[in-house]
Amino acid sequence: MTRKFQIFYIITGLILFMTLPVQAAWETGVKAGYDSNVNRTIDNAVSDTSLGAYLQYIREATGETRFDWTFAAALEGNAFLRNSSLSNAFITIAPGVIYFPYRSWSINLSPFLQGKVVSDKDQSALAFGAKIHLRQPLGKYFYLSEYYSFTSSRAQMDVYSFTEHALGAVAGVNWTHIFFTEIGYEFSRGDSFRTFSTTTTTSTTPSGKGSGKQHGYSSTFSTEVYKDQIGRHTIGLTTGVELYRSVLASVSYNYSIMTGDLGTSSNHMAVVSISYRF
């Protein structure tokens, strides 16, 4: 994917944003994030903090019929404070169809397309995929949701390209009309880039268990980067509160364990955000 194509994709997305109908909801927000292992290393993780902002358009179902359509489009940018080469901007477009089989229970199928530009141009990518999302409100306060997603991403440097299947579930509680909590679990299987802070001649290099894997040198991480087939387990907790009318503050935390042929690694991720819907 060329740089000119990425720029064309972003400009096309911006034009789409300006032509979207205004009767649905718009949302904008700012956020601060922390990732304990941005380089996805096996033996010596490097952490970083990011600041971001986003603008999102959401067309939800009216609920007046069993079948309806949905649409979402998001434009987001993130600046990393320690390693600026990871700073990025992306746009996502996701049309969908929704079906209500029982009362407010819903099944939503949504393909998506995403263009991502990264300061480290090797990581810039174009991705597509689809997601099926099920949601079951249980009374006034509780709800469950389950989802499956498929993603295929093609980056400038092939070691950053990946294909992934993910399966997850979420349980939530609306404690009041302005305060909620969610806990979730996800298992995903697919490709991921991985790095090593030290060089060995055992299973952590291409001469061992990683033999034959795609790899290349990354100036962003100042080391070789390898593509690995991994399985990832993630548990997460999110809580949010409406501060004022249409203003929501939320805090989320995720812990992941990633296991592949090259070894096992883990990371902690946290995000604090404030959003406004209009």
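Visitor: Is Ser153 buried or exposed?

Guide: Ser153 is buried, at a relative accessible area of 5%. Buried means under 20% relative accessible area, exposed over 50%, and partly exposed in between (1.4 Å probe, protein chains only). The model is predicted, so local features need pLDDT of at least 70 and side-chain atom pairs count only at pLDDT 80 or more, while totals for chains, interfaces and linings use all residues. Residues are numbered from 1 along each chain as its sequence is written, and side-chain values use heavy atoms, with hydrogens and water left out.

Visitor: Where does Ser153 lie, and which residues is Ser153 in contact with, leaving aside neighbours within four places in sequence?

Guide: A contact means heavy atoms within 4.5 Å. With those neighbours set aside, Ser153 is in contact with Ala125, Leu126, Ala127, Ser161 and Phe162. Ser153 itself belongs to strand β7. Strands (E, at least two residues) and helices (H or I, at least four) are DSSP runs, numbered from the N terminus.

Visitor: How many bridges join β6 to β7, and how many join β7 to β8?

Guide: Two strands pair if DSSP finds at least two bridges between them. Strand β6 (residues 125–138) and β7 run antiparallel and are joined by 14 bridges. Arg135 stands opposite Ser145 in β7. On the other pairing, β7 and β8 are also antiparallel, with twelve bridges; Tyr143 has Gly172 in β8 as its bridge partner.

Visitor: What does Asp158 pair with?

Guide: Asp158 forms a salt bridge with Lys227, at 3.5 Å from N to O. Asp158 sits in the loop between β7 (142–155) and β8 (162–174) and Lys227 in strand β11 (residues 223–244), so the pair ties together parts that are 69 residues apart in sequence. Asp158 counts as partly exposed because its relative accessibility is 39%, whereas Lys227, at 14%, counts as buried.

Visitor: Which residue forms a salt bridge with Arg194, and are the two buried or exposed?

Guide: The partner is Asp228, with the closest N and O atoms 3.0 Å apart. Arg194 in strand β9 (residues 179–195) and Asp228 in strand β11 are 34 residues apart. Both Arg194 and Asp228 are buried.

Visitor: Which residues form the nonpolar patch on the surface?

Guide: Patches consist of residues with over 30% relative accessible area and no salt bridge; like charges are joined within 9 Å, and nonpolar side chains (Val, Leu, Ile, Met, Phe, Trp, Tyr) within 5 Å. Here they are Val97, Ile107, Leu109, Ile132, Tyr148 and Leu167, with about 490 Å² of accessible area together. Accessible areas come from the Shrake-Rupley method with a 1.4 Å probe, and for residues only the protein chains shown count as cover. Leu109, in strand β5 (residues 105–118), counts as partly exposed at 44% relative accessibility.

Methods:
A salt bridge is a side-chain nitrogen of Lys or Arg within 4 Å of a carboxyl oxygen of Asp or Glu.
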